[in-house]
Amino acid sequence: MYHSYFGIEEQAFSIAVNPRYMYMSAQHREALAHLLYGVNSGGFVMLTGEVGTGKTTTIRCLLEQLPANADVAMIMNPAASARDLMCSICDEFGVSYDVDETSIKILTDKLYAFLLQNHSDGRNSIVLIDEAQLLRISTLEQIRLLTNLESNTQKMLQIILVGQPELNELLAKPALRQLSQRITARYHLRPLTVNETRAYIRHRLTVAGMPPGRDPFPMNVVKKVHAISGGIPRLINIMCDRMLLGAYTQESTQVDGAICKQATEEVLGDPRERAFKRTQMISSPLIYGGSAVLVSLIASTLIWLLLNREPVAQPAVVLPPAATGTIITDQAPADADENTPADEPPAPDVWVRNKDTALTALLQHLGVADDTAVYPCWLAIKKGFNCEILEASTWQDFLITNRPAVLTLNTSSRHAAYVTLIDMQGDTATALIDGQRIEVGLDKLGTLWTGEYTILWRKPASFEKAIGVGSSGPIVDWLAEQFAALDQQAAPLAQGTFNNALQQRVKLFQQSYRLEPDGLAGLQTLLRLGEALGDEQSLTKIIPQVAPDAILEP
């Protein structure tokens, strides 16, 4: 629409990955150097970075610089099990196998034979796994075992792991310490600096054909774009595209402060309505110094990024005893024996492919939204809620939170899926999809669940971490007032500082709701407190074991 107006030939700020628009900053070149070193030295190489920081760009450049004798197996969507991943690697390398005989041993033997032959032919074998944070521990361990095959001088298989920062947390687990020790090169992509942001914008405009001498983004606007985007290239594209459209509609050759402000509101919403303090739980290294307004803008951007990223895979869930339910999944349990028969086709499906769809259903269930939301978690924040991404290893752990939630799944088709749970009774839960309530057997659902789930709750504005004796500030006053309301007392137990009286009250409350009575008011305690006050909808009814014998006086 605005292309000819600015003298460019095509959309300069598309979020699609286009090799013509590759911009290699100094850190991207450094990351590339680390990857090339790691590939040549053998073993494992790892590249991490937040969503939209340019990992794909760097990998494209790496592939272009690999020698002609390199064979690369590209795994763009990690499998749900070690066996599925082995099949994918064999498929990428062209290793034939009988589809009726796909045990881990058979696949490993065939892959080893290929690697030996490739090595004798003077060729290098490389496996590149994108979104590696989705891998399970058992799958990563199987990948490590593949690198045991080596000659006297080098490994016969190089592994490149590319993923979001959660990959570092995954590899820090004790069960993966052997794999972590084999990583020969690591690099973490940071967001662009202000000067890099300016160079990035000019680079894309130049590639799009903008004539010399024209500059629709003056430096003061570039600084605002950097502040709003946090230096994330993908969000820079979104903001700049909207700003150019705004300048075009106002027949201006340059983006000014007013156009920048309007574009920001169109992308992120009216800043006067943003509940910035409620975003403090979702933190990032991208949030650094500056005025309160700057920090708020960056925080709002991070919510948009973090809440729309791909999910993080967790260890397999420990399931309760088998139960009968109406859901039949589309796969057998991950890592099951290859002779275990798979379930029948799904009838009916209770999941959706888009997380926003599942979150919107949760918003509707909670009465926060009446129709589809473009960014449901952003809408939730404006309505006074906070989207919280949590993890659990068992259904019992999940029930401690006791909130309707969106569960993250991994299906046998290697795609993420999501289910909205609004009720849970015994071994059966109720899922909400397309406005319909469907009963779900936890034994079946557990074969797909990654352990990750998202809840909505009314997070206190000043809550950052668990508070206890010695804590001070507004959050202590808020907590004392909540207990005063619960106990129908006129005076709170504490003012300004978390004292022993408030600690004892917290312990009594925790005991009554089957929480660890440590006297620390953390997430679970605050969730139960909101439930007791009637401010939150629960997943299942939990009756306090005992009522406090006495109300402590301040």
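Visitor: How far is the sulfur of Cys240 from the closest cysteine sulfur?

Guide: A disulfide is a pair of cysteine sulfur atoms within 2.5 Å. In this predicted model, the sulfur of Cys240 is 9.0 Å from the closest one, in Cys260, which is too far for a bond. By this rule the count is zero disulfides.

Visitor: Is Cys240 buried or exposed?

Guide: Buried means under 20% relative accessible area, exposed over 50%, and partly exposed in between, using a 1.4 Å probe and protein chains only. Cys240 has 0% relative accessibility, so the residue counts as buried. Cys61 is also buried, at 8%. Buried residues make up 53% of the 554 residues in the chain.

Visitor: How many aromatic pairs does the structure hold?

Guide: Rings of Phe, Tyr and Trp (its six-membered ring) pair if their centres lie within 6.5 Å; planes under 30 degrees apart are stacked, over 60 edge-to-face, and the rest tilted. The structure holds 13 such pairs. Among them, Tyr5 and Phe6 sit edge-to-face, 5.0 Å centre to centre with 90° between the planes. Tyr5 is partly exposed at 30%, whereas Phe6 is buried at 4%. Tyr23 and Tyr200 are edge-to-face too, at 5.7 Å and 75°. Tyr23 lies in the loop between α1 (3–6) and α2 (26–41) and Tyr200 in helix α9 (residues 194–207), so this pair ties together parts 177 residues apart in sequence. Helices here are DSSP runs (H or I, at least four residues), numbered from the N terminus.

Visitor: What should I keep in mind about the numbering and the model?

Guide: Residues are numbered from 1 along each chain as its sequence is written. Local features need pLDDT of at least 70, side-chain atom pairs count only at pLDDT 80 or more, totals for chains, interfaces and linings use all residues, and side-chain values use heavy atoms, leaving out hydrogens and water.

Technical notes: Helices (H or I, at least four residues) and strands (E, at least two) are DSSP runs, numbered from the N terminus.
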